[in-house]
Amino acid sequence: MQSLAKLTSASTAGSALKKTTVVQRRRNVVSRASKSPNWYPGKESPKYLEGLTGNFGFDPLELGTEPEQLKWFVQAELLHARFAMLGVVGILVPEILTKAGFDWPGAGVNWVDAATFQYDADSKVYFVIQLFLMHWVEIRRYQDMQKEGSVAQDPIFKKYKLPEGAKSGYPGGVFDPFGWTTRNGGKNFEELKLKEIKNGRLAMFSFVGFWLQYLCTGKGPIDCWIDHLANPFVNNILNTAAVPFVNP
């Protein structure tokens, strides 16, 4: 009888210890995740990504192991994020205004065809103007990436200069007309940087989605959305060419 009691006690103690160990492990995982958010819960972020805005440890191909390469990738992501946000707004707003009844030269033109639409001048003229302006801006930005602050002085209007200590991608000064970088002593700056990169990543994914929608349906995102709301069980991704073998 005593042996049975001892066996039962030992079994209960073992189960309790096992349960406690599992709970502790779960707590450790949650604790690590809360301290360092990761795209894969429970996995530690690479050390070389520490300190980066919007770091969620996502680098499965280990592209950022080289410091100079990582610096380039950070700036490339930031620039593409900003372009994507502008692009998404530039796609959605004209389509919404067209649906609302507003009219202007080019109203109702699909966002893909808008690039070659004939406005008051040939589209090639706008392309050359854009090429010249972008070349100037990109050369200056590249020089600043190579050596921060090297292009802070305006080359034409000498009285204009960017603030001291400005970081690549966040020049401040005339590029911050609302004073967001210095508001509340700069306390909100890191939060704003995080919001920007998160929204920028979302915009990049959205832009890819817009392209896939157009390739599969020939329609813009607002038209696709309206069609889906009208009949969600028929007008969805499964009934397009986006999913192979489902709708041949």
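Tutor: Happy to! A search of the whole structure turns up eleven salt bridges. Keep in mind that this is a predicted model.

Student: Where do Glu 190 and Lys 193 lie?

Tutor: Both are in helix α4, which covers residues 189-217. They sit three residues apart, about one turn of the helix.

Student: And is Lys 193 buried or exposed?

Tutor: Lys 193 counts as buried, because its relative accessibility is 13% and the cut-off for buried is under 20%. Glu 190 is partly exposed, with a relative accessible area of 48%.

Student: What about Glu 164, which partner does it have in a salt bridge?

Tutor: That would be Lys 161, with 3.3 Å between the closest N and O atoms. Here Glu 164 counts as exposed at 69% relative accessibility, and Lys 161 also counts as exposed, at 52%.

Student: One more, please. Which side chain meets Lys 219 in a salt bridge?

Tutor: The side chain of Asp 227 does, at 2.6 Å from N to O. Lys 219 counts as partly exposed at 34% relative accessibility, and Asp 227 counts as partly exposed at 25%.

Student: Let me zoom out. How many helices and strands are there in the protein chain?

Tutor: The protein chain has five helices and zero strands. Reading from the N terminus, the elements go α-α-α-α-α.

Student: And how much of the chain do buried residues make up?

Tutor: Of the 248 residues in the protein chain, 17% are buried.

Student: Now the loops. Where is Glu 62 found?

Tutor: Glu 62 is in the loop between α1 (2-35) and α2.

Student: What is phi of Glu 62 near?

Tutor: It is near 55 degrees, a positive value in a residue other than glycine. For background, most residues other than glycine have a negative phi.

Student: Good to know. New topic: how many disulfides does the count come to?

Tutor: The count comes to zero. As a reminder, a disulfide is a covalent bond between the sulfur atoms of two cysteines.

Student: Is Cys 224 buried or exposed?

Tutor: Cys 224 is buried, with a relative accessible area of 14%, while Cys 216 is partly exposed at 28%.

Student: Let's go to the surface. Which residues form a nonpolar patch there?

Tutor: Tyr 119, Val 125, Tyr 126, Ile 129, Phe 132 and Leu 133 do, with about 590 Å² of accessible area together.

Student: Where does Val 125 lie?

Tutor: Val 125 is in helix α3, residues 123-146. At 41% relative accessibility, Val 125 counts as partly exposed.

Student: Last topic, the database notes. Which residues does UniProt list for "binding site"?

Tutor: An unreviewed UniProt entry lists Arg 82 and Leu 162 under that name. From this set, Arg 82 and Leu 162 are both in the lining of the largest pocket.

Student: Where does Arg 82 lie?

Tutor: Arg 82 is in helix α2, which covers residues 67-99. Arg 82 is partly exposed, with a relative accessible area of 28%.

Student: Which other residues does the UniProt annotation "binding site" cover?

Tutor: The unreviewed entry's annotation also covers Glu 77, His 80, Lys 195, Glu 196, Asn 199, Arg 201, Gln 213 and His 228. Of these residues, the lining of the largest pocket includes Lys 195 and Glu 196.

Student: And where is Glu 77 found?

Tutor: Glu 77 is in helix α2, and at 28% relative accessibility Glu 77 counts as partly exposed.

Methods
Residues numbered from 1 in each chain as written. Predicted model: local features only at pLDDT ≥ 70, side-chain atom pairs only at ≥ 80, totals over all residues. Heavy atoms only, no water. Patch = residues over 30% accessible without salt bridge, like charges linked within 9 Å, V, L, I, M, F, W, Y side chains within 5 Å. Areas by Shrake-Rupley, 256 points an atom, 1.4 Å probe, with all protein chains shown as cover. Salt bridge = Lys/Arg side-chain N within 4 Å of Asp/Glu carboxyl O. Helix = DSSP H or I, 4+ residues; strand = E, 2+ residues; numbered from the N terminus. Buried < 20%, exposed > 50% of the residue type's maximum accessible area, 1.4 Å probe, protein only. Disulfide = S-S within 2.5 Å. UniProt positions renumbered as here; feature names shortened; annotations may be inferred. 1 Å grid on protein atoms, 1.4 Å probe; cavity = no way out; pocket = protein on both sides within 12 Å on 5 of 7 lines; lining within 4 Å.
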